[in-house]
Amino acid sequence: MGILDNLFGGKKQKGKPEIDSSTFKVIEKTDYNSFKEAVEQNAGLSFEKQMIFGDVIGSKAWELDMGEGKIIFDSLEFPIQIIGSLSFNDNSWMWAWANTQSGMPENLLIQSNQLKAIGEEKHIEELTDPHFNVEEGFEHKIGMMVCGLFGSKSYYCANYGQGTLVVTIDDDKIPGIDKNHFEKIMTCFPQLISGVELNHKNAFMNYLIDRDFQLVISEDKVEGLRNGKVVVAEFDELHRLKSLKAKI
């Protein structure tokens, strides 16, 4: 049985199952000390934000107003921070703080410079190396990580033909996540791990932490409780998702 077949626990249950809430605890995120950990700690909620932003802009084309510090989708305008860019020519990443020839305004590089400072403090090479080759999908890992670290409403990968510019966006026109409705978890998380290489268990655990769940964690399972509702994810020995169910 596939993941999507398991979304809401299969057959309808007779009566409401008893939930022992005393076993669930508030768990805080651990400190991250690598790029991989930073991505996994922020990917879940950031991906859900991205789905919301996609609904806002639809299929509208983008244009950039560097002077105004905005990205524009038809009649919609959003302020941005520029994080960096991916070159399609050699599949390499360059941080915006390192792209001194571009003439990007300093006020659009605040988050990019903050990431460099974090990298220097934590000795994370990916955040301090100005220009390096990357694997496919790296720009989305960057976007999800930064969106989470800075609490941004969304990120956007702006394809300009020869590459992709990664920006973060904050604007009240973008709806926030309603943490009282967790059904999105059941569809967003399988979509996330189908497109991005992650440790499924770590990413799911941190996703639930971001959504204010109380947790029970074992070797092959993560259970989350919020408002009397429970989500249960089971994993194999390599921490890959096997099933995802909800108890409502």
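# Structural briefing: fold, cavity and selected residues

Leaving aside residues up to four places away in sequence, Ala233 is in contact (heavy atoms within 4.5 Å) with Phe204, Asp220, Lys221, Val222, Leu241, Ser243 and Leu244. The model is predicted: local features need pLDDT of at least 70, side-chain atom pairs count only at pLDDT 80 or more, and totals for chains, interfaces and linings use all residues. Residues are numbered from 1 along each chain as its sequence is written, and side-chain values use heavy atoms, with hydrogens and water left out.

**Overall fold**

- The chain contains 6 helices and 11 strands; these are DSSP runs numbered from the N terminus, with helices (H or I) of at least four residues and strands (E) of at least two.
- The chain is as compact as a globular protein of 248 residues, because its radius of gyration of 19 Å is close to the 18 Å given by the globule rule. The radius is taken over C-alpha atoms, and the rule is 2.2 Å times the number of residues to the power 0.38.
- The C-alpha trace spans about 65 × 40 × 30 Å along the principal axes of the chain.
- Of the 248 residues, 47% count as buried; buried means under 20% relative accessible area, exposed over 50%, and partly exposed in between (1.4 Å probe, protein chains only).
- Among contacts between residues at least 6 apart in sequence, 60% join residues at least 24 apart.
- The accessible surface comes to about 12700 Å², with 48% of it belonging to carbon and sulfur atoms. Areas come from the Shrake-Rupley method with a 1.4 Å probe, and for residues only the protein chains shown count as cover.

- In α6 (200-210), 10 of the 11 residues are buried, including Phe204, Met205, Tyr207, Leu208 and Ile209.
- The buried residues of α6 pack against α1 (35-57), α5 (183-195), β8, β9 (221-226), β10 and β11.
- Ala233 lies in strand β10 and is buried, with a relative accessible area of 0%.
- The C-alpha atoms of Ala233 and Ile217 are separated by 9.9 Å, and the two residues are 16 apart along the chain.

**Cavity**

- A search of the whole structure finds 1 cavity of 30 Å³ or more. On a 1 Å grid over the protein atoms alone, a cavity is a set of points where a 1.4 Å probe fits but cannot get out, and lining residues have an atom within 4 Å of a point.
- The largest cavity holds about 30 Å³ of space; grid points are joined across faces, edges and corners, and a volume is the space filled by probe spheres set on the points.
- Its lining consists of Lys179, Asn180, His181, Phe182, Arg226, Asn227 and Lys229.
- By class, that lining has 1 nonpolar, 3 polar and 3 charged residues. Ala, Val, Leu, Ile, Met, Phe, Trp, Tyr, Cys and Pro count as nonpolar, Asp, Glu, Lys and Arg as charged, and the others, Gly among them, as polar.

**Loop residues with positive phi**

- Most residues other than glycine have a negative phi.
- Asp212, in the loop between α6 and β8 (214-218), has a positive phi near 65 degrees and is partly exposed at 44% relative accessibility.
- His239, in the loop between β10 (229-235) and β11 (241-247), has a positive phi of about 65 degrees and is partly exposed, with a relative accessible area of 22%.

**Helix α1**

- Asp55 is found in helix α1 and counts as exposed at 64% relative accessibility.
- Asp55 and Pro175 are 120 residues apart in sequence and 10.0 Å apart in space, C-alpha to C-alpha.

Note on methods. On a 1 Å grid over the protein atoms alone, a cavity is a set of points where a 1.4 Å probe fits but cannot get out, and a pocket is an open set with protein on both sides within 12 Å along at least five of seven lines; lining residues have an atom within 4 Å of a point.
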